[in-house]
Each structure stands twice: as structure tokens, then as C-alpha cells.
There are 2 protein chains.
Amino acid sequence: MVDPVKLADAMEQMQVLLQADDLDGAAEFLRALHPADGAEILSTLDPETQAALVTRLQPVDLAEVFGQMDAEDAVDVVQHLDEEALADVLDEMEPDVAADLLGEMEPAEATAVLEQMDEAHSVAPLLAYPEDTAGGIMNVAPPSLRRYMTVAEAFAFLKEHYHDANQVFHLYVLDRNGRLIGVVSLRALILAEPQQTIEEVMRREVISVRVDMDQEEVAQIFARYDLLALPVVDHDDRLVGLVTVDDVVDVLEEEATEDIYHLAQVSPDAAVFAPVADALRSRLPWLYVNMGTAFLASMVVAFFEDTIAAVAVLAVFMPIVAGQGGNAGNQTMTIIVRSLALGEIDVRSAWRAARHEFVIGLLNGIALGISVGLVAWLWMGNAVLGAVIGLAMLGNLIVAALAGVIVPTTLKRLNLDPALASSIFVTTATDVMGFALFLGLATLLLRWLT
Amino acid sequence: MVDPVKLADAMEQMQVLLQADDLDGAAEFLRALHPADGAEILSTLDPETQAALVTRLQPVDLAEVFGQMDAEDAVDVVQHLDEEALADVLDEMEPDVAADLLGEMEPAEATAVLEQMDEAHSVAPLLAYPEDTAGGIMNVAPPSLRRYMTVAEAFAFLKEHYHDANQVFHLYVLDRNGRLIGVVSLRALILAEPQQTIEEVMRREVISVRVDMDQEEVAQIFARYDLLALPVVDHDDRLVGLVTVDDVVDVLEEEATEDIYHLAQVSPDAAVFAPVADALRSRLPWLYVNMGTAFLASMVVAFFEDTIAAVAVLAVFMPIVAGQGGNAGNQTMTIIVRSLALGEIDVRSAWRAARHEFVIGLLNGIALGISVGLVAWLWMGNAVLGAVIGLAMLGNLIVAALAGVIVPTTLKRLNLDPALASSIFVTTATDVMGFALFLGLATLLLRWLT
């Protein structure tokens, strides 16, 4: 039994070898690790050590290690190889991964490397598709069967054409024009009699997607239908590629991280130990945008400065009204953003969701409004103050509910990422309206508050 | 080619059939859909219609539909079946899915149904494992090979024992004690010569996990090593089950949703169109907890009420200092929570992360402090006010950075979900410290502010 390697232990061993200047030993150690672990460790080393190690490894080993890195990280490491060596490595990689890596390189350099590659014919067609579409995550179409073949012929075909293929689950059946007409599982093939025809053992219902479908939608289809592989067709229904579940697992993690970071207003390429300059780039701009909207809210407060000067205790409760609106708005917005991402709702459901959230906001607002009103009354001994804060809370929770639906669905309708900017707009709405409702009401009822 | 069904269209057709009272037609329509779509539609119907439809469908069809539902939703629907009918349905399901469903039922009822099942022997052992562990998402161990078998014998074995198995990618090889010693891919078997022994074609390195590993860790291993199936062993290394990638895709979505909702302080079972009572249950308690912490911050403001009465303009800037701290703390916390979830850092990295975030917080604080200080100075014409708000901002951004690391890593160390309560503690820290720093400094420098 092999336990998943403890990365921290492997890194320590690597450090020992490097400190002893045993570069050959370090390269051999890296090679012996699972490529996923090797990739992780290689990314953490300084450029000089990376160069020393990658030039000591065989193309086939490097291909596996680079295959496990993000394309962006891999590009940093492959610069230590010359064009010819890199072409050899790329020849050994899965075509979709090689295409991603080439896509991250300078176009001129990528073309030069591609010219040196033996497998250019599998990789070049994939470069045409945007990275985040079905075309961007698919591999070239696998060799496919014809319906009049026998099972025995199919086996022979398989032995001849599939010697290298890594993950085969299904064989696809095409008509003479390359259109997808059926699918046979390996298991069905093994269980069938040799003289049966493919037409007899194939299923005719094949779920497939178009080459330009967004990768997040592709991932949803995998999750929804429990698929292992999904054929990709062009606009004439011709089979052009195959997306496999291992790519989709990565897409799911990537898209979830992106949404989580966007909701917290961090750029999705943020990493925990990113260089400080990168960290600032991925966060400071968002904080400045927030500061802009915070000043907007400040102007509302400034408008009521005389009221606060007269009743300073309003400043005590002011942040509660705005803050609770922000929290409730964040709850609604998060549910809507996640449901949009999982395909549980679409923009057509926006109106229904808004009505539903309005009811929830109303009830939350009544509950919280009464509670906060009572506390304020008992604490400060002024019933009118309690009423003002309670009513402002109710109003702001309704604002929060509506903003929490309207903002993300509107962004989605505009083909923008709903996770991206929703929290800025929702918080602005709840801050501005929270302060305006609370201080406005207080100004109207000022004579009972002093 | 089959496009993924447009759910909204299918729902409309279903409504047409139901409004015409054509229950047989509706049941047939449901049966003809992909089970994933059927499950989705069935969940949205009222209990009476559900009952009418499920009693019209065959066990094998129901098994597929229930297999696509969350166990919790499925439990609501299966109550329309009697014990015997339900046992027939469960017999047709994947054992891990049947076990999840039984696990959600009342124990007495589950036992009664289990007794009626033919496949109880595959399902009962799975009931012992907690739902969110490797044991909870695995299926019973598949029939396995012995190393001295020939490839031809293995084919015969496969035809005899695997007629029903749904997703076979690898065959596992056990020693006489049931310990896992190797693995053979179907592809390797097809490409091998019939007279070779399994020992010759098997790989000896098999990644496996223990039965009690958390499902999130299991999912990480799948993603990391691009696996399709992962054997599960007990504490004596004996093969007890198999987790397949389709279960992991669901785990990944489930865990990402859970973290996203926890970060927004929504219970993870929240759904966009949940009944209002459920929606309140999943959100209102969090808002009350927040209200409690907001009052804590209010008390700090109340402590400085005299200062505000003297310089009401402080109330204008007070929310900016606290709010920006909250935003920056949320950024740091989210990066830490996500990195913990993806296994990119563990609690041992906390100290290093805290130092790293301290530097980022310091630089963010200097940038934002200078900006907000200048704006305040120019707007209100008071340089000391600008200095007070700038320094408070700097201090609060450092508080935010430290709280953003310390809170989630401490929760993780206590074996609590870091996503769950982090934002409450972080926001409390940044609100309380934001108000205290700003109003405290203002009180010290009061004579230059009036």
C-alpha cells in the first residue's frame, strides 16, 4: 500500500539533498516521487536549483511533473530548457496540457517550440480554443469506431490505436461524416461476443457538448450526470475532442476558489504565500474601491452631522443598522451567486427569487428590528430611539434582500461574473440606506430624542 | 447527439401533463428523462403528486432517480413507498447511495427496510461509517483478482462477476489475507497476452486511503493525483471498499458550497427556494450572533460618547476605519480558509502566514491610511483629524491581518471548521479595535479637533 506522501517530509528530504549539493541525488529523488508531489516541490525551489534539476531529468519524467503544475507556474520552470528539449517534453504530455502550457508562453516562442514537436498535429488544433471553454480543456478526439465493425475487429483496433491512451472508458462511434452516432463502454465490449457488430452493442444516446461551452457549464454537466468523459462536437456535430473527469475535478476546484475569492474581494490568482507585491496587487485595488463606496456612505452621515451633534448616542447604534444590513445582504447574495454557479437558478428565476427573499428579509427585519429596538430602549431609556433603530433595521433588511438578488442577477445578465463585484454594490446599498434610514428617521423625530 | 435537457422546458411539459391529470403520462415522461433531470423535477412537486408518480414507477427507474437526489431530499420522497417497495428500490441502487439514504431514515424504519432487502449484505457494512468519511462515500470492495491468475482467467472472472458493476476502471489484486498488493487497469488487461499472469501485468504501487479519512481529504487526493477510483483499506490494510470519482465530484461541490456559505454565515443546507421557515433557520441565528458582536462594538462607541458629542464629524469617518478593517480581514481570512481546505497550508504554517500577512497588512495600512487621511484633511480642513484617521486605519489593518490568520488556524487546530465562525471573530476584532483606535486617538488629541 502506498500512502499519499507527506509533502512536508518530502520537502525536508529534498532540502537535505540540496544542502549536501547532491544535485543528481535530488533529481533522482524528484523523479521517484509521484509527479503531483514532484511538481509541488519543484515550484517552491529557487530558479537556479530548478534549472539544475530539470536539465537532469528525462523528457518523459518532466512531462509528468509539468502536467501536474498550473500552466502559469510551469511556464516559469520550462524557461530553463532550450527549445528542442522543451519540444521533447511537450511531445510526452497530454495534448490538452501541452496546449495550455504553450498558450501561456510568448506567442513567438510557442510557435518556435511547436515547430520542433513531433506531436504538433495533436496540440496545434487545441490552441485555437479559449482556455476556459470545453475546447480549452478537451483533448483531441480519440480514434473512433464505425458501426459495421465487429467486436473482434474493435479489439484489434483498440490494441493498434490505443497503446498510449491514458484514460479510456468509452469508445465513440462515428458515421462517415465524422458525426457522433453512438458509444460503447469498454466493459460492454469485454462482455460482448466477438462476432457481434458495434451497432448491436453501442448505445445511441450520447450526451455531448459544443466546443465553445464555458468550462463551468461543462463541469456542471459532469456533476449532474456523473460522467467520466464527455465528447465535444463542433457546430456540425462532428466529434472534435473529449473532456475527461480529471480535468473537470481541477475546473471545479478552480471555479470554487475563484468564486470564494471574488466574494471576499480578492483576485482569484491570490495564493497564501504569494510575493508581497503580488498580494498587494490582488487586494489593495479592492480596498480602494471599497474606500470609495465607504466615502459615499460617509457623505450620508455628514449630511446628518447636526443631528449627531445633538444626539451623540446615535453614533453608537449607527454601525449596527448598516452592519446587519451588510450581513443579511451578504447572505442573500452568496446564496444567489452559488446557485447561479451550480446552475440551480438562472436569470429567469430572478423575479421569483426577489419575491422570496423579500419575504425572508421582511421577517428577519421584524425579528431583528424588535430585538435591537428593545435593547436600545432598555439601554438608553428612550422608547423613540428604540423605535427609530427598529424601523431603520427593518427597512435596511428589505434593502439587503432586494440588493442581494438584484445585483448578482443583473451582473449575470450583463455576462459579468456575479461573484466578482456583487459585494461592493450590495454593501454600498446597505451602508448608504442603513445610515440614511436611521439618521433620517432620527432627524424627523429629533425632538423626542434630545 | 443528445443535448443536456433544458430543465425549465421539461418542467413546463410536466406541468402540462399534471394539469391535464394525466398521471400515467407524467410518470412515463419522468421515466424517459435522464435520472438527474427526473430527480430535480420530482423534488419540486408537492407530496401528493410525488406519491402518485413514485407508485407508478418501477423499482429500477426509482433507484436511478433517487440515486441522483440528496439523501435528505430522497427521504422525503421515499416515504410514499411501503417497506417492501422501498426495499426493492434500494436493491437496485449503488450500495453507497442506498446506505446514505438508509442513514437519513429513522433507525427503526431503516432496520425494517434493510431486513426486506436482498442486497442487505452489500449495504449493511457501509452503514457503520460516518457519512463524511472515506467509508461513508465508498462502495463495497469489488471482486478482486489473485496474482497467480492468468489474463485469460481474469477475463473469465470479469465476465462472471462484473455483469452489473457500473464503473470499472481497475481491478485490484489481493493476497491471501485480503491485503491490497496490486492493481491492473482494464486497458492493460486488454493489451496483455492471454497467458501472462496477473502478477506480470499488475502495478504494485497503489495509492489507497484508510476508511476513516475525512471526505474532504479524500477529494483532495483525487484532485491531486488525477484519480478515477481510490481503494479504501481498514487498519490491517485489507481492502474494504472503493471510492469512485463521481462521488468525489459531488463531495467537491458540497464542500465548496459549505465553505462559501459558512464564510457568508449561512448554514450550508440553505437552498435558494427553501421554504421561508427553513431559510430563517439557516440565517437568522447568524444575524443574532452578529448583533451580539455588533453591540460589543457599540459599547466601545458608547464609551467615547462625550468625544463624539464634542466632535460629531468623527461619526462620519468612524465606519470607514472599522469597515476597511473588516474588508481586509475578510480577504486574509478567506485566503487562509481556502488554502486550509485545499491542503495548501496546514496549521504548522500559521506562524509563517501570520508574519507574511503582517507585512501585507502594514503596507496596505500605510497606503490606505495616507489616502484616507489626506481625504479627511482636505474634506474637513483639519490635519490632525487626517492623522487620527490615518493612524487608526494603519493599526486596524494590522489587527485585520493578524486576526485573519489567527482565527481560522486556531479553529482548525481545535478541529472546528475554520470557515464556520471565522468571520464573526474577525469582524468583531476589526470593529472593536477600529472604533477603539479611532475614537481613542481622537480623545487623546481632542483639543486639536474642536
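What radius of gyration does chain A have, and what would a compact globule of 450 residues have? Chain A comes to 30 Å, while the globule would be near 22 Å. Here the radius is taken over C-alpha atoms, and the globule rule is 2.2 Å times the number of residues to the power 0.38.

## Before we start

This is a predicted model, in which local features need pLDDT of at least 70 and side-chain atom pairs count only at pLDDT 80 or more, while totals for chains, interfaces and linings use all residues. Residues are numbered from 1 along each chain as its sequence is written, and chains are lettered from A and ligands numbered from 1 in the order in which they are written.

## Chain A at a glance

Stretch chain A out along its principal axes and the C-alpha trace spans about 95 × 65 × 45 Å. You'll find 22 helices and six strands in it; these are DSSP runs numbered from the N terminus, with helices being H or I of at least four residues and strands being E of at least two.

## What's tucked away

Of the 450 residues in chain A, 49% are buried. To be buried, a residue needs 20 or more other C-beta atoms within 10 Å of its own; 12 or fewer makes it exposed, anything in between partly exposed, and C-beta atoms are placed from the backbone.

Helix 22 (residues 418-444) of chain A is mostly covered, with 19 of its 27 residues buried. From first C-alpha to last, helix 22 of chain A reaches 38 Å, close to the 39 Å expected at 1.5 Å a residue, where the expected span is 1.5 Å times one less than the number of residues.

## Where the chains meet

Now for the partner: 98 residues of chain B are in contact with 98 residues of chain A, meaning that their C-beta atoms, placed from the backbone, lie within 7 Å. On chain B's side, helix 19 of chain B gives the most, with 18 residues.

## How the copies are related

Conventions: Two residues are in contact if their C-beta atoms, placed from the backbone, lie within 7 Å.
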